[in-house]
Amino acid sequence: MRTAQSIRRWPSTGALIAPVVVALVVTVLAVAAFIIWSTRDIDALALSRQTSIVSQIFASKLQEIGHDQESVTIWDDTIISSKLHSDRKWVNDNLGRWMFDYFGHDQVIILDEQDQPVYMMNGGAASSIALFDGERSTVAPLVAQLRSKLKDGWGAPYQGSGNPNAVPRIADLTLLNGYPAIVGVMPIVSRSRGIGKADTPFLHVSVIFLTNRFALTLGQKYMLEGAGFSGAALNSSDHAFYPLFNAEGRFVTFFEWKPTRPGGRILNNMVPAIAAGGLVAGLLIFLLLDRLWRSSTALESGRRQAEHQASHDMLTGLPNRSLFDNELKNALATRQAGQGSVALLMLDLDRFKQVNDTLGHQAGDDLIRQVGQRLEGTIAGAGRIARLGGDEFAVISSNLASADAAMALSQRIIDALAQPFSIFGSEAFVGVSIGIVLAPDGQVDASELTRKADIALYEAKAGGRNRAIIYEEVMDELVQGRHTIEAELREALRRTDQISVMFQPLYGRNTGEVVGAEALARWTHPKFGNVSPTEFIPVAEGAGLIEILGDMVMRRACELGARWPGHTIAVNISPPQLRNPKFFGRVFDLLAATGMRPCDLELEITEGILLEDERVTSEALRRFRAAGIRIALDDFGTGYSSLGYLKQYAVDKIKIDRAFVSQLADDSVSVAIVQAMISLAHAMRIEVTAEGVETREQMSVLLDMGCNTFQGYLLSAPVAAAALEAIFEARGEERLAG
Ligand code: C2E
Ligand code: CA
Ligand code: CA
């Protein structure tokens with residue numbers, strides 16, 4: 001039980017696996033979050049880089065437009081004065097189309113000193129200056145700004161090596177006619193003179209519309225995918241929008257592109273690897289958990305098995321004694337609470353030992369198993385069965401309210417177990433004795449109840465087996481008495497002054513002929529006085545004291561027998577003595593030690609032992625008879641009266657029980673029985689002794705029937721050894737004299 005409890009302290013499987021799974025999920029989530037966060041971070045960084053590139057693109061575009069214009073706005077004085085005013089073709093070729101062809105500018109407008117348009121190019125060809133009307137108001141502020149810049153003058157000549165950057169210019173983002181555009185305004189100046197303070201030069205206005213085609217060129221150049229312009233920013237994660245403002249901070253348009261997502265790409269590239277890795281890790285963890293689950297399940301079932309084993313009998317699978325004790329306690333507690341009754345049945349198989357001895361231990365085990373099954377079949381729901389050990393079983397029932405009901409169940413059990421058992425091909429018969437106790441009202445102790453059931457069982461066994469007996473209080477007193485006797489007998493056997501041996505002479509057919517004597521144990525207790533052997537012999541047998549006692553009697557008998565060869569000295573032998581393998585040797589030791597002849601010794605055994613221990617007994621008897629020791633069957637006719645046994649065991653003598661002898665005078669049936677016994681015995685050359693001959697009538701009837709020897713108060717009561725020797729001596733002298 002201790003191991004079962006310590007195993008129970010292990011955490012359960014679920015408790016073990018849950019934290020592992022939680023830890024795993026948390027780890028996976030954390031890793032995923034980290035990966036997503038870091039790729040997002042990379043994307044955000046990339047976006048901010050691209051955004052700053054975009055802002056630089058437009059900043060430089062504003063400068064570039066001026067550079068583009070520089071190539072056509074710095075001329076010689078003559079060209080400015082002559083061509084500009086009159087040569088329209090030249091203006092178109094050099095100031096207009098040039099810008100379209102080489103720089104991709106969409107429009108060019110030339111403004112005169114009064115800021116009136118004198119020329120206009122649109123889409124690579126000269127166009128009507130009327131087109132400028134819609135744009136004039138937008139361009140005007142830029143023109144005004146430049147004019148005010150120019151007021152201070154720009155005197156340094158530009159000789160080719162000069163810095164064209166020094167030429168004042170204006171460039172800005174605007175909405176021209178509603179279309180976003182970059183507009184550059186530059187003076188058309190003299191290469192040699194520059195611009196004087198009073199000069200009002202012509203102005204060159206160049207326009208680049210922020211079209212999607214333009215955006216595409218930008219995109220190709222700066223590797224911005226999906227570049228374009230849009231008036232509104234979509235709330236889209238795969239498009240970036242960069243707002244473009246003019247110099248005054250007014251919104252113009254959005255530059256739109258698909259930002260590169262290196263993080264996303266990394267993630268995309270990583271996904272299969274991560275998925276594969278995750279799959280493998282998941283698989284490994286699954287296998288690990290499965291292993292864990294299995295082993296912990298195995299542990300759990302091992303624990304249950306250990307628990308079961310600790311509380312159940314291996315052979316039958318029935319509850320064992322410790323579980324039985326618990327169940328009995330529980331049943332009593334339930335009853336205490338006012339529910340139901342408790343009946344306890346103690347079962348003990350009657351002939352189990354023989355089966356075990358004759359057929360072997362395996363057969364014994366098989367028998368116990370079958371008995372367990374039969375009990376289960378018989379009792380079914382009527383009670384709980386337990387195997388207490390050996391051939392002992394118990395039944396606890398909570399629904400047997402009356403003694404009659406308990407008896408009825410017991411009878412069913414007895415009937416069921418009386419049927420033969422088939423063991424290893426041979427039939428075995430066993431019986432069962434049952435002790436019953438019904439828990440009385442009031443508080444009862446489980447062990448007290450068990451003790452009482454055991455007493456009833458003892459009574460059932462003593463009363464002749466295959467029966468059930470209900471416990472009664474008197475039995476307890478008997479048991480108490482037996483306990484007292486046992487203690488006193490133990491003490492008596494340690495001393496020499498209480499136990500003695502008496503001898504009852506055996507007489508032959510001729511008057512006065514003494515052929516031998518029977519040794520009878522006597523116990524004179526200082527307080528109880530003479531205790532009858534019928535009382536203390538069974539106690540001695542039960543307490544394992546019979547061997548000491550038997551030894552004592554045998555020694556006295558042998559000592560006497562050695563002095564009187566030719567006289568048969570009979571000694572009563574109890575079953576436990578005969579069963580003891582050392583008994584045979586012990587008898588011969590005593591014969592040798594005392595000098596008694598084996599042929600003068602007679603062992604008296606009862607029928608009971610023949611039934612109980614067939615194999616052991618027949619073997620022992622065979623050896624004794626082979627050594628010349630005589631065997632007498634005592635109390636013949638009282639037990640199973642098995643005349644058949646006579647032949648089987650080949651005894652030398654039967655002793656007709658005094659119960660038959662005492663009825664000889666007035667019961668013709670007894671006469672017939674005794675006559676039959678004597679005839680049968682004689683037919684088998686078996687000698688017959690009549691016991692308990694008390695009257696002359698009995699004596700004469702027995703003589704007539706041919707009885708061989710006689711024993712009884714009529715002839716002589718048991719006497720002390722000295723008195724017996726006196727009788728032997730007197731009869732011997734008489735015989736000599738006669
Ligand atoms: P048992 O072997 O049948 O012994 C004969 C019993 O009958 C003796 O009783 C004896 O005193 C008594 N008896 C003798 N003649 C008469 C008579 O005319 N009328 C009546 N009514 N009784 C007579 P005891 O000595 O009380 O012994 C009782 C039983 O105790 C014996 O029965 C025997 O079975 C057993 N016993 C006695 N001594 C020993 C012993 O040393 N060893 C064993 N194993 N058993 C013993
Ligand atoms: Ca006897
Ligand atoms: Ca007898």
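## Close-up views of the predicted model

With a relative accessibility of 28%, Glu 448 counts as partly exposed; here, buried means under 20% relative accessible area, exposed over 50%, and partly exposed in between (1.4 Å probe, protein chains only). This is a predicted model, in which local features need pLDDT of at least 70 and side-chain atom pairs count only at pLDDT 80 or more, while totals for chains, interfaces and linings use all residues. Residues are numbered from 1 along each chain as its sequence is written, chains are lettered from A and ligands numbered from 1 in the order in which they are written, and side-chain values use heavy atoms, with hydrogens and water left out.

**View 1. A salt-bridge network joins Glu 448, Arg 451, Lys 452, Glu 473 and Asp 476 through shared partners.** A salt bridge is a side-chain nitrogen of Lys or Arg within 4 Å of a carboxyl oxygen of Asp or Glu. Arg 451 pairs with Glu 448, their closest N and O atoms being 3.3 Å apart. Both residues sit in helix 12 (residues 446-462), 3 residues apart, or about one turn of the helix; helices (H or I, at least four residues) and strands (E, at least two) are DSSP runs numbered from the N terminus. Next, look for Glu 473 and Lys 452, which meet in a salt bridge at 3.7 Å, N to O. Glu 473 belongs to helix 13 (residues 473-494) and Lys 452 to helix 12, so this pair ties together parts 21 residues apart in sequence. Lys 452 is buried at 11% relative accessibility, whereas Glu 473 is partly exposed at 48%.

**View 2. Asp 634 bridges two calcium ions, ligand 2 and ligand 3, which lie 3.9 Å apart.** Donors are N, O and S atoms within 2.8 Å of the metal (3.2 Å for Na, K and Ca), and sites may look incomplete because water is not among the atoms. The calcium ion (ligand 2) has Glu 518 (OE), Asn 572 (OD1), Glu 604 (OE) and Asp 634 (OD) as its protein donors, at 2.1 to 2.4 Å. Glu 518 comes from strand 20 (residues 514-525) and Glu 604 from strand 23 (residues 601-606), so the pair ties together parts 86 residues apart in sequence. Glu 518 is buried at 4% relative accessible area, and Glu 604 is buried at 1%. Asp 634 lies in strand 24 (residues 630-636), 57 residues from Glu 691, which is in the loop between strand 26 (687-690) and helix 23 (696-705).

**View 3. Strand 23 has parallel neighbours in strand 22 (residues 568-572) and strand 24.** Two strands pair if DSSP finds at least two bridges between them. Ile 569 has Leu 601 of strand 23 as its bridge partner, while Ile 605 stands opposite Leu 633 in strand 24. Strand 23 is largely enclosed by the rest of the structure, because 5 of its 6 residues are buried.

**View 4. Helix 7 (residues 262-311) contains Leu 284 and a salt-bridged pair, Arg 304 and Glu 300.** The side chains of Arg 304 and Glu 300 meet at 3.3 Å, N to O. These two residues are 4 apart, about one turn of the helix. Leu 284 is exposed at 54% relative accessibility.
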